[in-house]
Structures are given as C-alpha cells and as structure tokens.
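Here's a quick briefing to read alongside the model. Have the sequence and the coordinates open as you go.

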Amino acid sequence: MEIINPNAAILTNYEVMIALKDMKNSKKKYGLRNLATITYETVQYLEDTPCKEQTSTGIVEFLQAMKEFNLTKNECLMMVNDPPSSPLHIQLMIEDSDERLTEEQVTRILEHAAKLRAVTPTAGAAPDTTETTGQTDG
C-alpha cells in the first residue's frame with residue numbers, strides 16, 4: 001500500500017477495517033515481515049468496536065445529518081468511530097458542547113447516532129445471515 005497524499009483525508013475505523021481486510025485477502029505481498037500480524041491484530045480489535053456493524057451509506061447519512069450542527073471534522077470522526085449514547089458522551093466529544101448545542105440538538109445527535117449504531121443489513125452491506133439461519137458466525 002502506498003500513501004500518495006497523507007493529508008488528503010482522515011479515515012474512520014470502518015474504512016481502516018475494510019482496507020485491512022482487503023489487504024489481508026489480497027495475494028500481493030507487501031514485503032514487511034510483521035504486516036500480517038499487525039493486520040490481523042488490528043482487524044480483531046476493530047471487530048470489537050461499533051464499526052463492525054456500520055455501513056458506508058450509514059456513515060455518509062450520519063455525516064450529512066451532522067452538517068446542521070457545525071461540528072468540526074474531528075468531532076464528527078470521533079462520533080462515527082464511537083457513536084455517542086448519552087448527553088455526557090457528547091459533552092466529552094464536542095468541545096464546549098453546552099455552549100454550542102441546545103438540549104434539542106443533543107437529542108437529535110443521539111437519535112442519529114442510534115441509527116448509526118443499529119444493524120441495518122439493507123443499507124448496502126452484505127446480508128446478515130443471523131436473521132435467515134438463526135446462527136452466528138464464529
């Protein structure tokens with residue numbers, strides 16, 4: 001993998017997980033001795049985070065909804081990587097949130113974050129086999 005412009009974009013945990021899975025599944029060798037171990041351990045870690053249930057369309061919808069709140073890119077990234085579940089969680093992620101956001105806006109952010117956390121197999125991801133077979137992978 002070659003990074004052409006390191007400042008072009010900040011990646012979400014979901015994007016990192018997808019890139020590492022693609023890299024792991026490709027047959028191309030990258031010449032780094034510990035790359036397989038690092039890739040495996042990182043994917044294992046990310047599969048224990050909320051990004052496992054996210055989809056690219058869900059993330060885009062969430063970011064579109066966040067535009068009305070005038071949040072920074074880093075604040076939005078933190079909320080995508082760890083969707084807030086309480087007003088306190090939002091207060092920890094958004095600088096001066098008590099001054100910048102009303103209670104109604106905090107409630108709307110929490111509603112959007114709940115949608116981002118929800119498992120939605122119809123949102124562009126591969127179908128979840130647990131609904132059709134009743135079994136989980138593993």
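Which residues does N81 touch, not counting residues up to four places away in sequence? They are T12, N13 and P50, where touching, or contact, means heavy atoms within 4.5 Å. Bear in mind that this is a predicted model, where local features need pLDDT of at least 70 and side-chain atom pairs count only at pLDDT 80 or more, while totals for chains, interfaces and linings use all residues. Residues are numbered from 1 along each chain as its sequence is written, and side-chain values use heavy atoms, with hydrogens and water left out.

**Overall picture**
- The protein chain has 8 helices and 0 strands, with helices (H or I, at least four residues) and strands (E, at least two) taken as DSSP runs numbered from the N terminus.
- Buried residues make up 29% of the 138 residues in the chain; buried means under 20% relative accessible area, exposed over 50% and partly exposed in between (1.4 Å probe, protein chains only).
- The accessible surface is about 9,900 Å², and carbon and sulfur atoms hold 52% of that; these areas come from the Shrake-Rupley method with a 1.4 Å probe, and for residues only the protein chains shown count as cover.
- Of the chain's contacts with a separation of 6 or more, 57% are between residues 24 or more positions apart.

**Helix 4 and N81**
- Helix 4 spans residues 73–81, and its buried residues are E75, C76, L77, M79, V80 and N81.
- Cover for those buried residues includes helix 1 (13–25), helix 3 (56–66), helix 5 (87–93), helix 6 (97–100) and helix 7 (103–117).
- N81 counts as buried because its relative accessibility is 16%.
- A polar atom of the N81 side chain sits 2.7 Å from the backbone nitrogen of N13, a polar contact being a pair of N or O atoms within 3.5 Å (within protein, one must be able to donate a hydrogen and the other to accept it, and residues adjacent in sequence count only if both atoms are side-chain atoms).

**I10, ahead of helix 1**
- I10 lies in the segment before helix 1, and it is exposed because its relative accessible area is 52%.
- Leaving aside residues up to four places away in sequence, I10 touches E15, N74 and L77.
- I10 and L77 are 67 residues apart along the chain, with their C-alpha atoms separated by 8.1 Å.

**Cysteines**
- C51 is buried because its relative accessible area is 0%, and C76 counts as buried at 10%.
- The disulfide count is 0, taking a disulfide as a pair of cysteine sulfur atoms within 2.5 Å.
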